[in-house]
Amino acid sequence: MARDTRVTIETRGVPPSAVPASGLVLLVHDGPEYERVGRLTEHFPDTYVALLTPGPRNDWYSANPAYAKALVEDVLPQLPPGPVVGLGASLGALALLHAETRYPGRFAGLFLQSGSFFTAALDPQESGFPYFRRILAFVRRARPVPARVVLTCGRDEENLLNNRAMAGRLGVPLLEVPGGHSMTSWCDALEPHLHRLLREVSDDRSHTP
């Protein structure tokens, strides 16, 4: 459990204590749902998987500075030593990119699926969302970050255009995958792309003097 004056983040780690064999940590937004559908702990047995409960998701994951602060200053120090790769979808992807932007280099990699990277031009239908303006402000200033970043997005969903735009802003490729805006589609896209990112982060670590 990690706290600051405004945010409480519940974290469940699997395995609960051992240092991961790979030396890597996978931190997962909407962790319990990812685990239920994608069985992450079975597919990544050598990686410490930290499953974060979303709490008041719309507020916390919508480029909220208090959430980013709690994530980086309270949650990350509790994890085993080693490079951390963040996994998130929709607003959960946005929140990870926001945290890495505010605290550059705290993540070694980000695997961002169907991120809610709203813009006024591409997403006017989202204007009624309570935190729409906060998201717009962050997306406008988004720039490349130190972490390795992989973006995926379903070919059948509204976020495809704003993900293409964000990939251009970050200077990274967008992997356009089958499916829509659902946990099933996101979990289907983990193989082989998340495995590849974890290998690349591990290689980066082994080549660091």
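1. Proline 192 sits in helix H9, which runs over residues 190–206. Helices here are DSSP runs of H or I with at least four residues, strands are runs of E with at least two, and both are numbered from the N terminus.

2. Before going further, a word on the model. It is predicted, so to speak of local features takes pLDDT of at least 70 and side-chain atom pairs count only at pLDDT 80 or more, while totals for chains, interfaces and linings use all residues. Residues are numbered from 1 along each chain as its sequence is written, and side-chain values use heavy atoms, with hydrogens and water left out.

3. Next, arginine 39. Its phi is positive, about 50°, although it is not a glycine. You'll find arginine 39 in the loop between helix H1 (31–38) and helix H2 (40–43). It counts as partly exposed because its relative accessibility is 45%; the scheme calls a residue buried under 20% relative accessible area, exposed over 50% and partly exposed in between (1.4 Å probe, protein chains only).

4. Serine 114 also has a positive phi, near 50°, and is a residue other than glycine. It lies in the loop between strand S7 (109–113) and H6. Is serine 114 buried or exposed? Buried, because its relative accessibility is 0%.

5. Now the charges. Arg102, Arg133, Arg140 and Arg141 form a positive surface patch. To join a patch, a residue needs over 30% relative accessible area and no salt bridge; like charges are joined within 9 Å, and nonpolar side chains (Val, Leu, Ile, Met, Phe, Trp, Tyr) within 5 Å. A salt bridge puts a side-chain nitrogen of Lys or Arg within 4 Å of a carboxyl oxygen of Asp or Glu. Arginine 141 itself is in the loop between helix H6 (132–140) and strand S8 (148–154), and is partly exposed because its relative accessible area is 45%.

6. Helix H4 (residues 65–75) has these buried residues: Ala66, Tyr67, Ala68, Ala70, Leu71, Val72 and Val75. At the start of H4, a side-chain oxygen of asparagine 64 comes to within 2.9 Å of the backbone nitrogen of alanine 66.

7. Last, valine 49, in strand S5 (residues 48–52). It counts as buried because its relative accessibility is 0%. Valine 49 and leucine 27 are 22 residues apart in sequence, yet 6.0 Å apart in space, C-alpha to C-alpha.

Technical notes:
Areas by Shrake-Rupley, 256 points an atom, 1.4 Å probe, with all protein chains shown as cover. Lys, Arg positive; Asp, Glu negative; His and termini not counted. Charge placed at Lys NZ, Arg CZ, Asp CG, Glu CD. Polar contact = N/O pair within 3.5 Å; in protein donor to acceptor, adjacent residues only side chain to side chain.
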